[in-house]
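Please prepare a briefing on this structure, covering its sheet, its charged pairs and a few single residues. Give the cut-offs behind each term.

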Amino acid sequence: TLNAALVNGVNTVEQTVYNPERLCLPYNDSFFYDDEFIQRRCAAAMLMMSENGSFKAETLADERFVCQTEENNDNNYDAKATVTAFIGDDSWANYQVEVKFMMIPHIPENFVGIGIRYNSSHCGVALKLYCSGDWEIIISDEIVASGKTYFLRMNEWNTLRIMALGNAYIVQLDGKEIANYIEKEAMQTYGRAVFLSAHYKN
């Protein structure tokens, strides 16, 4: 008996059953790739998929990082939509995401962010951090908590971390807790990590 993907008269094409391996934790990426890989992936980071914009690997002063490259509604992206880059595995549950970032300063609507437990329907938990230091915790497109931090440094690298354990979430900036939230019941218990950005070169 064949697992048939296509039957055309007497010709039956056997379907290839895809059985991917899970991406194990811990996972990290320095974004240092060879030139052939960069060209083949159009500078997209390994295992990363972007929506509403484009995060691409770039080099500056021997440092490699990913930068949100779409500005001013390039390529007809919705300039009001959050640029989202998915990375990781749908099976990840209780874990933490840490990213070093530098953002374009003095633009009130500019923000960066990271998220956790995201699925294909954009359900997950994320933190947006604006140039002003204002922050928002967002669960499935709803702002559930907000506040302000004075630890954000402009024109310097900052380290942002979000942790999930059961229904509790903690956010740190450069090792200092800036936000936390406890759901009555965790609506999304597993999913990928995400990077978030406004349409600026963060």
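The notes below go from the sheet to the salt bridges and then to individual residues.

This is a predicted model, in which local features need pLDDT of at least 70 and side-chain atom pairs count only at pLDDT 80 or more, while totals for chains, interfaces and linings use all residues. Residues are numbered from 1 along each chain as its sequence is written, and side-chain values use heavy atoms, with hydrogens and water left out. An open sheet of seven strands has antiparallel pairing, and the count of salt bridges comes to five.

**Sheet**

- The strand order in the open sheet is β3-β6-β15-β8-β9-β10-β11; strands (E, at least two residues) are DSSP runs, numbered from the N terminus.
- Two strands count as paired if DSSP finds at least two bridges between them.
- Strands of a sheet pair through backbone hydrogen bonds, in either a parallel or an antiparallel way.
- The edges are β3 (48-51) and β11 (142-148); each has a single partner strand, so one side of each is left without a neighbour in the sheet.
- On average, neighbouring strands of this sheet are turned by 20 degrees against each other, direction ignored; the axes are lines fitted to C-alpha atoms, and angles run from 0 to 180 degrees between N-to-C directions.

**Strand pairs**

- Strand β8 (residues 111-118) is mostly covered, with eight of its eight residues buried; buried means under 20% relative accessible area, exposed over 50%, and partly exposed in between (1.4 Å probe, protein chains only).
- β8 pairs with strand β9 (residues 125-130) in the antiparallel sense over six bridges, and F111 stands opposite Y130 in β9.
- β8 is also joined to β15 by five bridges, again antiparallel, with I114 opposite F195 in β15.
- Strand β10 (residues 134-139) runs antiparallel to β11, and six bridges join them; I137 stands opposite A145 in β11.

**Salt bridges**

- A salt bridge is a side-chain nitrogen of Lys or Arg within 4 Å of a carboxyl oxygen of Asp or Glu.
- Side chains of opposite charge can pair when their charged atoms come close.
- R192 and D90 meet in a salt bridge at 3.0 Å, N to O. This pair links distant parts of the chain, 102 residues apart: R192 is in strand β15, and D90 is in the loop between β6 (83-87) and β7 (96-101).
- R192 is partly exposed at 27% relative accessible area, and D90 is partly exposed at 36%.
- E98 and R161 form a salt bridge at 2.4 Å, N to O. The pair links E98 in strand β7 with R161 in strand β12 (residues 158-165), 63 residues apart.
- Relative accessibility is 45% for E98 and 23% for R161, which makes E98 partly exposed and R161 partly exposed.
- D134 and K148 form a salt bridge, their closest N and O atoms being 3.6 Å apart. D134 lies in strand β10 and K148 in strand β11, so the pair ties together parts that are 14 residues apart in sequence.
- D134 counts as partly exposed at 32%, and K148 as partly exposed at 38%.
- Salt bridges that share partners join R153, E156 and D174 into one network.

**E136, a buried charge**

- E136 is found in strand β10. E136 is buried and has no salt bridge; K128, the nearest side chain of opposite charge, is 5.2 Å away. Lys and Arg count as positive and Asp and Glu as negative, with His and the chain ends not counted.
- The side chain of E136 makes a polar contact with the side chain of Y130 at 3.4 Å. A polar contact is a pair of N or O atoms within 3.5 Å; within protein, one must be able to donate a hydrogen and the other to accept it, and residues adjacent in sequence count only if both atoms are side-chain atoms.
- Beyond residues up to four places away in sequence, E136 touches residues including K128, Y130 and A145; contact means heavy atoms within 4.5 Å.

- N202 is placed in the segment after β15 (192-197) and is buried at 11% relative accessible area.
- The side chain of N202 reaches the backbone oxygen of F111 at 3.3 Å and makes a polar contact with the side chain of S197 at 3.0 Å.
- Leaving aside neighbours within four places in sequence, the contacts of N202 include V66, M103 and V112.
- K56 lies in strand β4 (residues 55-60) and is partly exposed at 29% relative accessibility.
- K56 and V66 are ten residues apart along the chain, with their C-alpha atoms separated by 5.0 Å.

Conventions. Helix = DSSP H or I, 4+ residues; strand = E, 2+ residues; numbered from the N terminus.
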